[in-house]
Amino acid sequence: MNQPEQWQISGDAAELYERYAVRYILGPWAASLVDAACLAPGDRVLDIACGTGVVTRIAAQRVGSSGKVIGLDLNPAMLAVARSLPTASAAPIEWVQRSALDLGLPDRSIDAVLCQQGLQFFPDQPLALREMHRVLDDGGRISLSVWSSSGIYNTAVGNAVRQFLGDEVAVRFCASRKAPGEAEIRRLALEAGFLDVEVRVIRLEAHLPALDKFVLCHLASTPVASMLAGASAQIRHEIGISVTEQLKHYADADGVTYPEESFLLTGRI
Ligand SMILES: C[S@@+](CC[C@H](N)C(=O)[O-])C[C@H]1O[C@@H](n2cnc3c(N)ncnc32)[C@H](O)[C@@H]1O
């Protein structure tokens, strides 16, 4: 069986991930994912596939100093960046290197599970959902997102990467958008035992700075970073030009602004 790309990156790439991918691509969605979990002061929260912790830190603010928050991710470089970032006075955050398939937490020990753009990378998605359900206590909630389409910017970058770096690199880059669809995530949540499962589409206008430079910084923060680093200056230049050209209809004063959408699944136990 084809295993999904597990989206693993190393050292510098995790810092670039925080600086470029989180700031411009993932970060703008984080507050709405946390809002959907209806957190209350004192809640125990688990953020699965937390990356550098953009969702985790917002959750810690919401539950306050009487709450407890765990950020869990497979990738040590992501967690090292997460640990290095300041957290304003809020719940203490425990950063845990572990798989979503084996959370290592007691049954019924969590009030809310959050997972922003992680499910598509898990090699056994039904098991991951069952683990989320297992650790939730009475009244527990889940709030989980996956992209709903390949997206305007990612499609353009995928095209450029395919043209200049080859198919294999393009497939790796595009893995983040190869997510289960609306019916599939609903089915996975229901089969894991979640109740009141709802999947809605959330939308925002994404803004990126000048693409010729941004796209190279962004690619350097993804699992294809080493393939990009091995490319000549000319190829890198061509990738920047290609993406800028493909998105020229979305150009504004200082970059591009384009519509983006994602699925947001909520449920309870
Ligand atoms: C696109 S990033 C999203 C990170 C974060 N949620 C955010 O919004 O910035 C996907 C994350 O999933 C993590 N990941 C992939 N497979 C995993 C697994 N089996 N268990 C836990 N984390 C995993 C990766 O290490 C990576 O940090």
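Of the 20 residues around the ligand, which come nearest?

**Entry 1. Basis.** I note that this is a predicted model, in which local features need pLDDT of at least 70, side-chain atom pairs count only at pLDDT 80 or more, and totals for chains, interfaces and linings use all residues. Residues are numbered from 1 along each chain as its sequence is written, and side-chain values use heavy atoms, with hydrogens and water left out.

**Entry 2. The ligand shell.** Y17, A49, D73, A100 and Q116 come nearest. By class, I recorded 11 nonpolar, seven polar and two charged residues in the shell. In this classification Ala, Val, Leu, Ile, Met, Phe, Trp, Tyr, Cys and Pro are nonpolar, Asp, Glu, Lys and Arg are charged, and the others, Gly among them, are polar.

**Entry 3. Polar contacts.** I then looked up pairs of N or O atoms within 3.5 Å, the cut-off for a polar contact. An N or O atom in the side chain of Y17 is 2.6 Å from an oxygen atom of the ligand. For the side chain of D73, I found an N or O atom 2.6 Å from a ligand oxygen atom. Q116 takes part through its backbone, with an N or O atom 2.8 Å from a nitrogen atom of the ligand. Taken alone, the ligand exposes 600 Å², and the protein buries 98% of that (accessible areas by the Shrake-Rupley method with a 1.4 Å probe).

Entry 4. I found two cavities of 30 Å³ or more. A cavity is a set of points, on a 1 Å grid over the protein atoms alone, where a 1.4 Å probe fits but cannot get out; lining residues have an atom within 4 Å of a point. Volume is the space filled by probe spheres set on the points, which are joined across faces, edges and corners. The largest cavity has a volume of about 570 Å³. Of its 41 lining residues, W7, Y17, M78, Q117 and F121 are the closest to its centre. The ligand takes up the space of this largest cavity (more than half of its atoms lie within 2 Å of the grid points). I counted 21 nonpolar, 15 polar and five charged residues in the lining.

**Entry 5. The second largest cavity.** This cavity has a volume of about 40 Å³. Its lining consists of Y24, I25, W29, W147, R177, L204, A206, Y258 and E260. I recorded seven nonpolar, no polar and two charged residues there.

Technical notes: 1 Å grid on protein atoms, 1.4 Å probe; cavity = no way out; pocket = protein on both sides within 12 Å on 5 of 7 lines; lining within 4 Å. Near = heavy atom within 4 Å. Polar contact = N/O pair within 3.5 Å; in protein donor to acceptor, adjacent residues only side chain to side chain.
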